[in-house]
Amino acid sequence: MVGEVAVSGAKNAAVAIIPAVLLSDGICRIENVPAISDVNVIIKILYELGAYVKVIDNTTVEIDPTHINSHILSASMSSKMRASSYFIGAMLGRFKKAKVAPPGGCDFGVRPIDQHIKGFEALGATVTIDGGMVHAHASELVGSSIYLDKVSVGATVNIMLAAVKARGLTIIENAAREPHIVDLANFLNSMGANIMGAGTDVIKIRGVSSLHGTTYSVIPDQIEAGTYMLAAAITGGDLTITNVIPKHLESISAKLIECGAEVIEYDEAVRVIMNRRPKTCNVLTMPHPGFPTDMQPQMTTLLALSDGVSVMTEGVWDNRFKYVDQLTLMGAKIKVDGKVAIINGVERLSAAPVKATDLRAGAAMVLAGLAADGKTEIENVEFIDRGYDNIVEKLSAVGADIRRVTYIDPLTSRSAV
Ligand code: UD1
């Protein structure tokens, strides 16, 4: 594949920023919003809660949250995605109370929210789980020091949301440092918040009494960019990926270079050129700035075609190798033992009917399909639509032979790429 691919706004930033709008006393205009189903779901939740939502164009939305007066998120609203848990922090921050059904999202094993709850309690909230709902309430939220026992993106976001209007200073130690944490802090600061240190492991939040409307542009998606970088590598191609922040891609670039790719960085683009079979490399996924767990299935797929044995260790989630069975159907030789996959590179993958078992696993199937001999059919592509804006159109434009097919099943309607 040869050409240019433009990256959309970051899913994980957008799904934190949009619930954060709830904390504003005015209209927020959010730009560079990706056209993906997770974002549609989160906007719909705000709309159902009573926000006025105006879609300005494909990537811009204006949200007026001032009419929202509900602090309840039902199971039908929250079960579709993990980020619905951010409404607990946002509602606590705005109403001092929240009643939210436990979040959904990709299934990587246990997905606890104990660190979120620890943070809310430190700020003075009482949190109970009753009737399948998380109830949180406080007469007043007061700043506090919170040490996260585990680096958690979700807990860091949620505590920031609850603390931004609390009285006094909140300090989050061992905070997550992902680019979307920084983006959320920048968004909140653009509304008048006082947050320092985002991007380091100590975030200081001095509470303010109110937040005003703002205009804000979401950062580019690190994982979408990384996926297209790997698309170049796995097809022996030459792709320039534009609208990126190269700094966010360093861990991915480093591993691609180890695999034999040439990676050229520009101000807002990276070019990946691969003209050999991938070399082996060992990868350990870690919180940022480590190699992202959300690139693990895609990287494993590249290594499945490498010229020897590689080891992929999943350092964040307990159970994120379910997709390996699907790769095996395409001829990959991978043995999984708990959080470690031993990948015996093969020369070729061959097409097979496979399933997207979750969002990034779905992206991995697309990469495998691009590299495989023959026509690969991927089922359950709605997982891919959760996080990839127009993936079929973007890949077709750089030479991939890929299309979306909709099967009409008499019982369920399934779509396949
Ligand atoms: C976010 C991302 C997800 C990514 C993950 C790790 C969003 C919407 N999703 O998920 O794509 O894979 O970060 O980069 O941004 N944990 C606890 N207790 C808690 C919270 C988490 O033990 O209260 C553990 C989890 O089980 C996991 C690890 O901490 O092992 C990281 O989880 P976390 O960073 O919270 O992931 P999410 O925010 O759910």
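Biologist: How many aromatic pairs does the structure hold?

Modeller: Please keep in mind that this is a predicted model. The structure holds two aromatic pairs.

Biologist: Why is the pair of F187 and Y216 called edge-to-face?

Modeller: The ring centres of F187 and Y216 are 5.5 Å apart, and pairing asks for centres within 6.5 Å. Their planes meet at 70 degrees, and planes over 60 degrees apart count as edge-to-face. The pair is therefore edge-to-face.

Biologist: Where in the chain do F187 and Y216 sit?

Modeller: F187 belongs to helix α7 (residues 179-190), while Y216 is in strand β13 (residues 214-217). The two are 29 residues apart, and the pair links distant parts of the chain. Both F187 and Y216 are buried.

Biologist: What makes the pair of F321 and Y323 tilted?

Modeller: Here the planes are 40 degrees apart, with 6.3 Å from centre to centre. Stacked needs under 30 degrees and edge-to-face over 60, and the rest count as tilted. That gives F321 and Y323 the label tilted.

Biologist: How do you know whether F321 is buried or exposed?

Modeller: Buried means under 20% relative accessible area. F321 has 6%, so F321 counts as buried. Y323 has 1%, so Y323 is buried too.

Biologist: How much of the chain counts as buried?

Modeller: Of its 417 residues, 56% count as buried.

Biologist: How do you know what radius of gyration agrees with a compact globule?

Modeller: For 417 residues, a compact globule would have a radius of gyration near 22 Å. The chain has 21 Å, so the value agrees with that of a compact globule.

Biologist: Let us turn to the ligand. Which residues come nearest to the ligand?

Modeller: There are 22 residues around the ligand, and Q115, S152, V153, D294 and V316 come nearest.

Biologist: Which helix gives the most to the shell around the ligand?

Modeller: That is α5, with three residues.

Note on methods
Residues numbered from 1 in each chain as written. Predicted model: local features only at pLDDT ≥ 70, side-chain atom pairs only at ≥ 80, totals over all residues. Heavy atoms only, no water. Near = heavy atom within 4 Å. Helix = DSSP H or I, 4+ residues; strand = E, 2+ residues; numbered from the N terminus. Phe/Tyr/Trp six-rings, centres within 6.5 Å; stacked < 30°, edge-to-face > 60°. Buried < 20%, exposed > 50% of the residue type's maximum accessible area, 1.4 Å probe, protein only. Rg over C-alpha atoms; globule rule 2.2 N^0.38 Å.
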